[in-house]
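Visitor: I have a model open and would like to go through it with you. Can we start with whatever sits around the ligand?

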Amino acid sequence: MKRKIWTIKEILTVSSGYLKAKGIDSPRLTAEILLAHVLGVNRVSLYLDFDKPLIENEVSRYRELIRRRMQREPVQYITGKQEFWSLEFHVDPRVLIPRPETELLVEHTISIAKEHGTHEKSLLRILDLCTGCGAIAIALAKELPKARLWLTDISHGALDVALENATKHNVEQRITFLQGDLWEPLSGQSHEFDVIVSNPPYVTSDEYEALPPEIRNHEPKIALDAGPDGMRFLERIIKGAPSYLCPGGWLLVEMDPRQIDKAVDLIQQTDMYQRWRKEKDYSNSYRVLISQKAL
Ligand SMILES: C[S@@+](CC[C@H](N)C(=O)[O-])C[C@H]1O[C@@H](n2cnc3c(N)ncnc32)[C@H](O)[C@@H]1O
């Protein structure tokens, strides 16, 4: 039997119909991203070559990617990339896919560095706890050329991805990679950081079970589940940070808006911080807590 010759236009129409029928979000956009990935072009080029016939190998590779997406694998793991702070990061199932709201941590860290003139110092020391693919730290390294950074994660796989991303963006010479449980890789060393930044796991165990299959079945559980109230890491970070911050040093942590008041209580109980403030995300909810260690 003669094989059907697919054009770009036809295959996009048919595959976005399949994705839509399966209840996949943004079916047309997804179909375009995956086809552009297979063909090694950008999405605009698809429209310029709408009537171009595809060769058999392109069609079979594309079908495989559509099949993976229909099984709810995130597009970013299929293409192996995610943009964050206008930089492209490699992502795979060893790391959480960086979310747009996490750019707030980068934005506030840069403004603190600038406000306080620390960016003028010969060395600004920044610790990114729970770094995952390294997105926060690498974005900061690109923006603050005088910064020296330390990245920690309990996952060897995540640190391998972070190193790959740091090398891709040519900042690996200024970064130290440390593996271990939260503060453990730093204990016994005399570190004093100007800034500690973290987007730790903060989903409650119940919420974790109710997450969409894209997240629950594909992203690392260790990157999300933070116990019954989601505070397991936030509490250890807020209580532990003063031991590793210089006097007047800053802690910036991302959390669920429902956790922010509990986090402020912890800051007050700790009695080591001289001030703190809550910052809102793009949907107008408090997402980031910024605290300054007493001088
Ligand atoms: C929410 S993800 C954030 C990743 C990255 N910072 C981002 O914003 O995209 C949390 C990260 O914490 C790491 N993690 C989980 N438990 C940890 C622990 N006990 N100590 C250090 N890192 C941990 C996970 O491996 C994961 O990479």
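Guide: By class, the shell around the ligand is made up of 13 nonpolar, six polar and two charged residues. Keep in mind that this is a predicted model.

Visitor: How many residues surround the ligand, and which are the closest?

Guide: The ligand is surrounded by 21 residues, and the closest are Cys130, Gly132, Ile154, Asn199 and Ala223. Helix H7 (135–143) and strand S4 (147–153) are the elements that give two or more residues to this shell.

Visitor: Stay with H7. Is it mostly covered or exposed?

Guide: Mostly covered, with seven of its nine residues buried. Those buried in H7 are Ala135, Ile136, Ala137, Ile138, Ala139, Leu140 and Ala141.

Visitor: And which strands does H7 lie across?

Guide: H7 lies across S3, S4, S5 and S6, and its direction is at about 175° to S4.

Visitor: Ok, the sheet then. What is the strand order?

Guide: The order is S5-S4-S3-S6-S7-S9-S8, in an open sheet of seven strands with mixed pairing. Strand S5 (175–179) and strand S8 (273–280) are the edges, each pairing on one side only. On average, neighbouring strands in this sheet are turned by 15° against each other, direction ignored.

Visitor: Why is S6 largely enclosed?

Guide: Strand S6 covers residues 193–198, and six of its six residues are buried, so the rest of the structure largely encloses it.

Visitor: What does S6 pair with on the S3 side, and in which sense?

Guide: S6 pairs with strand S3 (residues 124–129) in the parallel sense, over four bridges. Within that pairing, Leu127 has Ile196 of S6 as its bridge partner.

Visitor: And how many bridges does S6 make with S7?

Guide: Five bridges, again parallel, link S6 to strand S7 (residues 245–254). There Ile196 stands opposite Leu251 in S7.

Visitor: Change of topic: the nonpolar core. How many residues are in the largest one, and which have the most contacts inside it?

Guide: The largest nonpolar core has 62 residues, and those with the most contacts inside it are Ile126, Leu140, Ala141, Leu149, Ile196 and Leu234. H7 supplies the largest share of this core, seven residues. Apart from this core there is another, of 12 residues, including Ala31, Leu35, Leu54 and Leu65.

Visitor: You listed Leu234. What does Leu234 touch, leaving out residues up to four places away in sequence?

Guide: Leu234 touches Pro200, Tyr202, Val253, Met255, Gln259 and Ala263.

Visitor: Last, the overall numbers. How many helices and strands does the protein have?

Guide: The protein has 12 helices and nine strands. Of its 295 residues, 38% count as buried. The C-alpha atoms fill a box of roughly 80 × 40 × 35 Å along the principal axes.

Visitor: Among contacts between residues at least 6 apart in sequence, what share join residues at least 24 apart?

Guide: That share is 66%.

Key
Residues are numbered from 1 along each chain as its sequence is written. This is a predicted model: local features need pLDDT of at least 70, side-chain atom pairs count only at pLDDT 80 or more; totals for chains, interfaces and linings use all residues. A residue is near a molecule or strand if its C-beta atom, placed from the backbone, lies within 6 Å of it. Ala, Val, Leu, Ile, Met, Phe, Trp, Tyr, Cys and Pro count as nonpolar, Asp, Glu, Lys and Arg as charged, and the others, Gly among them, as polar. A nonpolar core is a set of buried Ala, Val, Leu, Ile, Met, Phe, Trp, Tyr and Cys residues joined through C-beta atoms within 7 Å. A residue is buried if 20 or more other C-beta atoms lie within 10 Å of its own, exposed if 12 or fewer, and partly exposed in between; C-beta atoms are placed from the backbone. Two residues are in contact if their C-beta atoms, placed from the backbone, lie within 7 Å. Two strands pair if DSSP finds at least two bridges between them. Axes are lines fitted to C-alpha atoms, for helices over the stretch in contact, and angles run from 0 to 180 degrees between N-to-C directions.
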